[in-house]
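Have a look at the structure first, then read on.

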Amino acid sequence: MRDTVTAPVISARGLNLTFQTNDGPVHALKDVSLDIAKGEFVSFIGPSGCGKTTFLRVIADLEQPTGGEITVNGMSPDAARKSRAYGYVFQAAGLYPWRTIAGNVKLPLEIMGFSHAEQQARVEKVLELVELSGFARKFPWQLSGGMQQRASIARALAFDADILLMDEPFGALDEIVRDRLNEQLLELWARTEKTIGFVTHSIPEAVYLSTKIVVMSPRPGRITDIIDSPLPRERPLDIRDSPEFIKIAHRVREGLRAGHLDD
Amino acid sequence: MRNIIPVLAVTAALIALWYAAVVPMNAQWAQDQARRAGTDLTLPALIADTMSQQRPRLPAPHQVAQELWNSTVVEEMTGRRGFMNTGSLSNRSLVYHGWVTLSATLLGFAIGSGLGIALAVGIVHNRAMDASVMPWAIASQTIPILAIAPMIIVVLNAIGITGLIPKAIISTYLSFFPVVVGMVKGLRAPDAMQLDLMKTYSASGPQVFSKLRWPSAMPYLFASLKVAIAAALVGAIVAELPTGAVAGLGARLLSGSYYGQTVQIWSALFAAAILAASMVALIGVIQRATLRRMGMAA
Ligand SMILES: Nc1ncnc2c1ncn2[C@@H]1O[C@H](COP(=O)(O)OP(=O)(O)OP(=O)(O)O)[C@@H](O)[C@H]1O
Ligand SMILES: [Mg+2]
């Protein structure tokens, strides 16, 4: 049972971010306000360059907003980062080539000072979770792109942060593998009650996974629609053929189209 | 092993070229000798003579090889002052002179690589060092080593430091530079995403260094160590020239040129080349083993 009355885990108010570039300022985020409650699965969807990655990076304290306010777990993003509040999955797997898969997953555990036994146990557990148990001793180049991406998800899960930020983690994968990973991700989310921020370009993926869908549009990057999904938390893959699903997907598509018409 | 044939072919071609050059280079002297003795030289006799002179302008390959063999194995095994007779290396053997130079080379190389790595770490982590050290490092290498080596040796001799240390300092002077350049590049090799990942873990500076920057720099380190060790050898040899040192490959080169012992000069040169090649090959072996263990087959 989730208590939606509690303070939001992530709260942004009138967030602005302008990059100063050589060809003038780029308004990557304009007046972004959003609350994300504990245990929510929030998808960000929108055309390329609308500021999805930038917003995720602001939450993770990898980018400093030029205006507005944001809190994570009631603290500044900087403090939240230092208390190791989130795992971040980048757009590319970004495994360290000189470490085995197990070694890569172990990296955050080593840095955070987990005991040897604990490291071992956690590596085994998360590798099993992403179905890579047999590949612990392989090096990244010996794995397919999809397996590497799964390893990078395992790496983000290993230290059990409450918040998981994922930037198009399945962008480069084929449809079937993607379905499979989507199912796994939902299972994981249901089991762990994590709060997840998830960037995607795929409407079905966003609708299938999310309790909240944030539609964004570019120039300047802003939120054009926030859709709270009425779908149940338990979601078999064939829910995608249900009328509710199709209705939400339609609304997302309308939102994206409206953003485009502004150009 | 499949590329051994081209290597052998090139070597054979070079040796053939060398032999071809020996005849015209030494023919003058052979004919002068013959005229003085009032004899006439046939062509075969002339060619044979050019390849067996005591002090040829250009010694033939087999003369150099013979001298290398005599001044190493033969001298140590059977020489009066050789290892077999006295239990210590003969001061007439290239093994002895090679070791004198090698010890200075290795000491200078160790200090030079250590210094190079330390400077690179400083440059990468400290803005002030980044702006100030590199120009000086580059400037240091634009001064001809032949000009600065005698000064360093003489100054150190004046304050009573002789022998190994001054030579090692010249080696250091030449070998730190490639390591600085390579390691600065290597320690900066991690891309923005790899660094961001560390930031999301809130990793400390030393952790970012040991778990990201240092392993990323490994391929660069070995590449620069290979250059550095060859430079260190050059430094040690050059350091032996200006003071008329009595031991070392540099000393052999010098005494060879005083007494017109071209065969001795050439064999010392080859000994130096063989030494350099073996050291570079040794680093290559360590490099391959290390990178293979790191999953980065070189
Ligand atoms: N470091 C930066 N410096 C300058 N401009 C930037 C920087 N990062 C992003 N931008 C600009 O900010 C805007 C938003 O970029 P962002 O990466 O957030 O888009 P996105 O929605 O993630 O796009 P995509 O779907 O292609 O990944 C773009 O116009 C981009 O050019
Ligand atoms: Mg992006």
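This is a predicted model: local features need pLDDT of at least 70, side-chain atom pairs count only at pLDDT 80 or more; totals for chains, interfaces and linings use all residues.

## A greasy patch on chain B

Trp69(B), Val73(B), Met77(B), Phe83(B), Met84(B), Leu89(B), Val95(B), Trp99(B) and Leu106(B) make a nonpolar surface patch of about 850 Å². A patch here takes residues with over 30% relative accessible area and no salt bridge, with nonpolar side chains joined within 5 Å; a salt bridge is a side-chain nitrogen of Lys or Arg within 4 Å of a carboxyl oxygen of Asp or Glu. Areas are Shrake-Rupley values with a 1.4 Å probe.

At least two patch residues each come from α3 (61-78), α4 (83-86) and α5 (94-125) of chain B. Helices are DSSP runs of H or I, at least four residues, and strands are runs of E, at least two.

## Around ligand 1

Of the 14 residues around ligand 1 (a heavy atom within 4 Å), Ser48(A), Gly49(A), Lys52(A), Thr53(A) and Thr54(A) come nearest. α1(A) gives the largest share of that shell, three residues.

Polar contacts are N or O pairs within 3.5 Å. A polar side-chain atom of Lys52(A) is 2.7 Å from a ligand 1 oxygen, and a side-chain N or O atom of His201(A) is 2.9 Å from an oxygen of ligand 1. The protein buries 65% of the 630 Å² that ligand 1 exposes when taken alone.

Residues are numbered from 1 along each chain as written, chains are lettered from A and ligands numbered from 1 in written order, and side-chain values use heavy atoms, without hydrogens or water.

Notes:
A polar contact is a pair of N or O atoms within 3.5 Å; within protein, one must be able to donate a hydrogen and the other to accept it, and residues adjacent in sequence count only if both atoms are side-chain atoms. Patches are made of residues with over 30% relative accessible area and no salt bridge: like charges are joined within 9 Å, nonpolar side chains (Val, Leu, Ile, Met, Phe, Trp, Tyr) within 5 Å.
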